[in-house]
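Q: Hi, could you walk me through this one? I have a few quick things to ask.
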Amino acid sequence: MRTTYGVQDMTIHRIVEQEQGFTPMLEFLPTLSKEVLEENLSWLAPGGYARDTGNVVLCFQSYVVKTPHHNILVDACIGNNKTFPHRPTWNNKTDGNWMAALKAAGLGVEDIDFVMCTHLHGDHVGWNTKLENGRWVPTFPKAKYLFSKKEYEYWASGPNPQVPMDAIRESVLPIIEANKAELVTSDHALNDHIRLIPTPGHTPDHFAVCAGKGHDQAVFTGDLIHSPIQARYPELIMRIDTDQAQGVRTRRAFFEKYCDTDTLCCTMHFPSPSVGYVKRWGDGFKLDYLS
Ligand SMILES: [Zn+2]
């Protein structure tokens with residue numbers, strides 16, 4: 001499985017934590033019909049769909065972008081010892097997958113300079129923190145963590161601010177309390193190489209991350225899309241999109257922008273190899289994977 005890509009003066013590493021069946025495809029994408037799913041199984045099923053269970057197959061991963069100046073972690077995946085009462089394969093797990101993948105990329109936790117969370121769902125913030133003597137502490141001792149201010153305020157303030165959701169309590173608030181967070185706008189530019197672009201819909205202030213000097217050589221989607229079938233049909237919503245119509249607009253605009261360009265599109269949840277170039281397919285799009 002290829003996990004390293006060189007673009008311009010940067011190296012991109014995939015840091016894979018899990019890749020497996022998740023939940024029933026037709027529940028995950030509630031506006032997908034059984035008929036349309038069946039029409040697409042010949043190309044979708046290898047990698048992206050489990051015929052025996054009817055489950056969508058997703059990869060759960062982070063990316064590290066090595067620029068000439070910094071090592072940037074894009075999304076912090078699931079993490080260990082975290083509370084996910086409804087996800088048995090994530091709940092309180094203790095495996096070494098993610099750390100082994102980081103090591104295989106030639107990196108240790110002290111090498112990460114910036115962590116960027118495209119949004120604050122549990123499978124994108126997990127490794128922000130680790131459990132040490134019963135306390136959540138930043139996993140990456142030298143890193144600044146970039147969160148969208150608007151996204152942070154949305155999750156930190158509701159539905160009951162006195163009882164923050166598990167992912168916020170375990171993986172976000174300890175970063176704020178350790179003064180390691182920088183709350184930014186979703187169009188923030190870190191430097192010449194790294195920029196954010198607003199891609200709202202899945203969550204209120206979701207952003208994508210663009211890498212490349214003077215030009216988007218690579219872009220990291222976060223969860224503006226989950227399954228390749230949503231590229232072919234950008235109107236397919238994911239069940240927990242906070243604004244479904246906005247999510248559809250964002251998805252279509254994003255794929256239109258990068259279609260037939262030399263920008264490497266690095267998805268979070270597409271099956272391995274997850275990375276490729278955006279091409280047109282009928283009224284929608286597909287990813288030509290780099291294998
Ligand atoms: Zn996700």
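Q: Which residue just after α3 takes a positive phi?
A: Glycine 106 does, with a phi of about 80 degrees. Keep in mind that this is a predicted model.

Q: And which residues of helix α3 are buried?
A: Trp98, Ala101 and Leu102 are the buried residues of α3, which spans residues 97-104. Looking down the axis, they fall within an arc of 100 degrees, so they line one face of the helix.

Q: What do those buried residues pack against?
A: They pack against β2 (10-24), β4 (55-66) and β5 (71-74). On the face turned away from the buried side, α3 carries the exposed residues Lys103 and Ala104.

Q: Switching to pockets: what volume does the largest pocket have?
A: About 630 Å³. Its lining counts 26 residues, and Phe84, Trp90, His121, Gly122 and Ile240 lie nearest the centre.

Q: Which element gives the most to that lining?
A: That's α5, with three residues. By class, the lining of the largest pocket has 14 nonpolar, seven polar and five charged residues.

Q: How about the second largest pocket, which element gives the most there?
A: There α2 gives the most, with five residues. The second largest pocket holds about 200 Å³ of space, and its lining has 12 nonpolar, three polar and one charged residues.

Q: Last one: is serine 148 buried or exposed?
A: Buried, with a relative accessible area of 2%. Serine 148 is in strand β9 (residues 144-148), and its side chain reaches the backbone nitrogen of glutamate 151 at 2.9 Å.

Q: What is serine 148 in contact with, leaving aside neighbours within four places in sequence?
A: Leu183, Val184, Asp205 and Phe207.

Key:
Residues numbered from 1 in each chain as written. Predicted model: local features only at pLDDT ≥ 70, side-chain atom pairs only at ≥ 80, totals over all residues. Heavy atoms only, no water. Helix = DSSP H or I, 4+ residues; strand = E, 2+ residues; numbered from the N terminus. Buried < 20%, exposed > 50% of the residue type's maximum accessible area, 1.4 Å probe, protein only. Polar contact = N/O pair within 3.5 Å; in protein donor to acceptor, adjacent residues only side chain to side chain. Contact = heavy atoms within 4.5 Å. Arc of directions from axis to C-beta. 1 Å grid on protein atoms, 1.4 Å probe; cavity = no way out; pocket = protein on both sides within 12 Å on 5 of 7 lines; lining within 4 Å. Points joined across faces, edges and corners; volume = space filled by probe spheres on them. Nonpolar A, V, L, I, M, F, W, Y, C, P; charged D, E, K, R; others polar.
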